[in-house]
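Please read the following points beside the sequence and the three-dimensional view.

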Amino acid sequence: MEVHFGHRVSREGWWSFETHPRMERTKRRIHERCLPCLAGLLDQLKTDRREIDLPHAWDCWKVVAVAPDEATCMEILDRLAGDHPDLYLHGKLGGRRDRYGTSALVLHAEEEAERDRLVACLRQTLEQHFPQVPLQLSRACADPYAEILGPWQDWTLPCPIRHPEAVPRVVRRLRELLYGAG
């Protein structure tokens, strides 16, 4: 199976990939889920709420391999596609994590069954070819959600803001990300 990459790397150092050559699921996800999710979070945080609704974030899963560098992420993705040619892949790799000395391969899922299949397939590939690379699971975008709500395992519907001191910083970052203004 061939994996296709986006034309450019994001400001944050992420490079999108997908099985489909025109990146259809990635584009749809950005416009129908990611942007409304982050804009909705910003709107909620500007209203001085004590809890956050999670309409998109609750069903947004990230299956992650944390590797030492981007080249290893590319190798993992190549092996995963080869080991599981029937698996539809879409996600991103890279990220600027110089302070940790790591890079990440992130697979996106919007349903628990899809998440579980990705976890099983990635775990198998990692165990066979990259036993030193850990697999992680997360819900939504840890930055910004976990910064204000705490670990995703503790989230509820709706979810109380557990770190109100982080709200102003998150609001600034969301405005910058969404509108290019602080």
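1. D53 has a relative accessible area of 38% and therefore counts as partly exposed. The model discussed here is a predicted one. D53 is joined by a salt bridge to R49, and their closest N and O atoms are 3.2 Å apart. R49 counts as partly exposed as well, at 32% relative accessibility.

2. How many salt bridges does the structure hold? The number is 13. As background, side chains that carry opposite charges can pair when their charged atoms come close.

3. A salt bridge also connects the side chains of E110 and R29, with an N to O distance of 3.0 Å. E110 belongs to the loop between β6 (102-109) and α3 (112-129), while R29 belongs to helix α1, so this pair ties together parts that are 81 residues apart in sequence.

4. Another salt bridge is formed by E147 and R173, whose closest N and O atoms are 2.5 Å apart. This pair links distant parts of the chain, since E147 is in helix α4 and R173 is in helix α5 (residues 167-179), 26 residues apart. E147 is partly exposed, with a relative accessible area of 23%, and R173 is partly exposed at 33%. Through salt bridges that share partners, D143, E147, R169 and R173 are joined into one network.

5. Which residues form a negative surface patch? They are D69, E70, E75 and D78. D69 is placed in the loop between β4 (61-67) and α2 (70-83), and its relative accessible area of 34% makes it partly exposed. D78 is found in helix α2 and is exposed, with a relative accessible area of 58%. The C-alpha atoms of D78 and Y88 are 13 Å apart in space, and these residues are 10 apart in sequence.

6. V64 is part of strand β4. With a relative accessibility of 10%, V64 falls under the 20% limit and therefore counts as buried. When residues up to four places away in sequence are not counted, V64 touches A104, L105, V106, L122, P134, L135 and Q136. The C-alpha atoms of V64 and S138 are separated by 7.9 Å, although the two residues are 74 apart along the chain.

7. H84 occupies the loop between α2 and β5 (90-97). H84 counts as buried, at 10% relative accessibility. Leaving aside neighbours within four places in sequence, H84 is in contact with M1, C121, Q124 and T125.

8. Some points of backbone geometry deserve attention. M23 is not a glycine, yet has a positive phi of about 55 degrees. M23 lies in the loop between β2 (14-18) and α1 (24-45) and is buried, at 7% relative accessible area. A140, also a residue other than glycine, has a positive phi near 60 degrees. A140 lies in the loop between β7 (135-139) and α4, and at 2% relative accessibility A140 counts as buried.

9. Where is a cis peptide bond found? Such a bond joins L157 and P158, with omega about -20 degrees. P158 is placed in the loop between α4 (142-149) and β8 (159-160).

Terms used: Residues numbered from 1 in each chain as written. Predicted model: local features only at pLDDT ≥ 70, side-chain atom pairs only at ≥ 80, totals over all residues. Heavy atoms only, no water. Patch = residues over 30% accessible without salt bridge, like charges linked within 9 Å, V, L, I, M, F, W, Y side chains within 5 Å. Areas by Shrake-Rupley, 256 points an atom, 1.4 Å probe, with all protein chains shown as cover. Salt bridge = Lys/Arg side-chain N within 4 Å of Asp/Glu carboxyl O. Lys, Arg positive; Asp, Glu negative; His and termini not counted. Charge placed at Lys NZ, Arg CZ, Asp CG, Glu CD. Helix = DSSP H or I, 4+ residues; strand = E, 2+ residues; numbered from the N terminus. Buried < 20%, exposed > 50% of the residue type's maximum accessible area, 1.4 Å probe, protein only. Contact = heavy atoms within 4.5 Å.
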